[in-house]
Structures are given as C-alpha cells and as structure tokens.
Amino acid sequence: MFNIVNKIIVLQQKFKSIKNFQYGKNNTNLYTYLYMSNLYQIYLISDATGETLDRIFIAIKAQFKNINYKIHTYSFTRTENQILKILETAENEKNSIILYSIVDSNLAKYLAKNSDIKKIPCFGVLGDLILSFSKLLNQKASHQPSGQYALDENYYRRIEAIQFTMNHDDGNLVKEIKESDIILLGVSRTSKTPTAIFLANKGLKTANIPLVTENSIPEILKRNPKVSCVIGLNTEPERLAEIRKNRMNSLRENTNRLYTDLEQIKKEVDMARNTFKKYKWPSIDVTRKSVEETAASAIKIYEIYKENA
C-alpha cells in the first residue's frame, strides 16, 4: 500500500500541469490502475479435482503479505488442446503464474515447454516428488490421475465415518458413542461440530456432546471415562463471549442474555476445565486455533490414546 501511494505522489508531481489531475475521482482511477497492474493471475491447472493445488497455493500465499491475486482453476485437464486454450488465456493477461499438478509426465512436459515459450512462469508441484519417490522406492509410478480418489477400503471407511459423525452431532444417539473413535466435549460455540466433521474426513468416527453442566455428560462416560478417546474443547471466556454475540446477532436473537453474559461464560469455562480435570480428559484450547489446527491436535491425542489402550 505504501509503495502504491508513493507511485501516486510521483505521478501527481510528474503530471501536475494536467488540469484534471487532482484529488477525487481521477486519483481513485489511478489507484485502481496501479492496483490492477500488481494483480497476479494465478492459474491452477490439475488433471484431477484441483484440491491438492488449492491447498498448496493457500500455504504459499500465507507466506506473503499484500499479495493481490485472482484465481483461475482448471480441473480435469488431460489433453494438449485443453492446455493450449488455457495458455492462450494466460498469455493475454498480465502477471500470469501457473501452478500445475499433472501426473502424466508427457503432458506435464508439454505444459512446461509451452509456458516457457510464452514466457509464463510455470511450476509443477508433484513431478519432482513423484520422480524422487520412484527412485527411492525402486518402483515405477502409475501416473494415474485422481489416484488418491480410488474407491478403496480407505474411501469407504471415510464415508462411514462422515455418516457416523453427522448422526452423532450435538449429543445425538449417545447410547452408541462407545463406537466413536473420538468424542469431543465442550461448552457451546467451541467448534465441536466443524472439528468433528474435519476429523470424519480423516476417517475418524467422531461424536460431539455439548457440555452444559456435569449432569449433561452421558452416564457411560462417567462410569468409564476411557471408553473412547474423549477430548475437551475450551476457550478464553472473552473470545467465547464475542463469538456468541456474533452468533446471536446473525440470528437476530437478543432474548437469551445469559448466553452472552461474560460472567456466566466464565463460570461455564471454569466448569468445563474442572470437569476435564476430574475425569482426566485431555483438552485443547481453541481460542486462537483454526479448525484444522484443532483437528491436528485431536489426532495427536488420539494416536497417544491408541498407543496406551
């Protein structure tokens, strides 16, 4: 932003003799021009769904501040004609960058060669890795697109876990919770459901139970706290109050004031902490954690639980 403002000042000085160049609408147009000139066109080209590329780019852009970009996603790209059409579009744009995930080595080389001819930066994210693993494992890679989406045992286990998790959301079907791989326990708005769904996508059957008071804990967990991998989710009261207020505002609900009262929330959080300690359940502070980070911590706890089971 500072650099853009400097450019505007320099151009103002350079063209100050132009009568219409003044603060207001014209400066807005100039700012827009300078913004657009630094806009990167990111082309994500994949021979499958593009999920891998999308996640890789998210990780890349997180390392840079003030990057202005527009995403162009091309999934199931498996022919030279498709690639040529994409390159024609990219060539007509300024600041184009290509990231690709194509397991067919011939097609990947075709994309890289033609990108080089058109002087478009082009980066493959799998090719070198597949080649290196092929040498280390002394195996020839299959180079099969969408290989990670095979309808195998792992796929059906994941689908079963998702179905189980949806059926056991928010304290439903508690009589079956002993079938869970993981049980999430926490007060309202501590990301129990989104974390459970994320874990289910990893193939883990996950139930989640709202913790209102200690009496809301199913008897089966009180009798046998280690019947499954039980994990408590907790957060800072101030942050929880903010989240609950936003939730109530989105619902246009303002009658349940205790739900958003900071002092009441402090009591709930303390009760949750004491409950986790009483039953010796590990807990995760989700205050500044994303769902992905919370799930990663839960998986680590689950692995330790399985080792000690």
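Of the 18 residues in the largest nonpolar core, those that touch the most other members are Ile183, Leu185, Ile217, Leu221 and Trp281; a nonpolar core is here a set of buried Ala, Val, Leu, Ile, Met, Phe, Trp, Tyr and Cys residues joined through side-chain atoms within 4.5 Å, and buried means under 20% relative accessible area, exposed over 50%, and partly exposed in between, with a 1.4 Å probe and protein chains only. At least two residues of this core are supplied by each of S5, S6, helix H10 (237–250) and helix H11 (262–278), and the largest share, four residues, comes from H11. Helices (H or I, at least four residues) and strands (E, at least two) are DSSP runs, numbered from the N terminus.

The model is predicted, so that local features need pLDDT of at least 70 and side-chain atom pairs count only at pLDDT 80 or more, whereas totals for chains, interfaces and linings use all residues. Residues are numbered from 1 along each chain as its sequence is written, and side-chain values use heavy atoms, with hydrogens and water left out.

The strand pairings are listed below; two strands pair if DSSP finds at least two bridges between them.

| Strands | Bridges | Sense |
|---|---|---|
| S5 (residues 182–186) and S6 | five bridges | parallel |
| S5 and S7 | five bridges | parallel |
| S7 and S8 (residues 283–285) | three bridges | parallel |

Leu185 stands opposite Ile209 in S6, and in S7 the bridge partner of Leu185 is Gly232. Strand S6 (residues 206–210) is mostly covered, with four of its five residues buried. From S5 the chain crosses through helix H8 (residues 192–200) to S6 in a right-handed β-α-β crossover, which is to say that, with the strands pointing away from the viewer, the path from the first strand over the helix to the second runs clockwise.

Strand S7 (residues 229–234) is largely enclosed by the rest of the structure, because six of its six residues are buried. Cys229, Ile231 and Leu233 point one way from S7, while Val230, Gly232 and Asn234 point the other way, and all are buried. In a regular strand the side chains alternate between the two faces of the sheet. Leu233 stands opposite Ile284 in S8.

On the surface, Leu129, Phe133, Leu136 and Leu137 form a nonpolar patch with about 460 Å² of accessible area together, areas coming from the Shrake-Rupley method with a 1.4 Å probe and, for residues, only the protein chains shown counting as cover. Patches are made of residues with over 30% relative accessible area and no salt bridge, like charges being joined within 9 Å and nonpolar side chains (Val, Leu, Ile, Met, Phe, Trp, Tyr) within 5 Å; a salt bridge is a side-chain nitrogen of Lys or Arg within 4 Å of a carboxyl oxygen of Asp or Glu. Leu129 lies in helix H6 (residues 127–137), and Leu129 counts as partly exposed because its relative accessibility is 49%.
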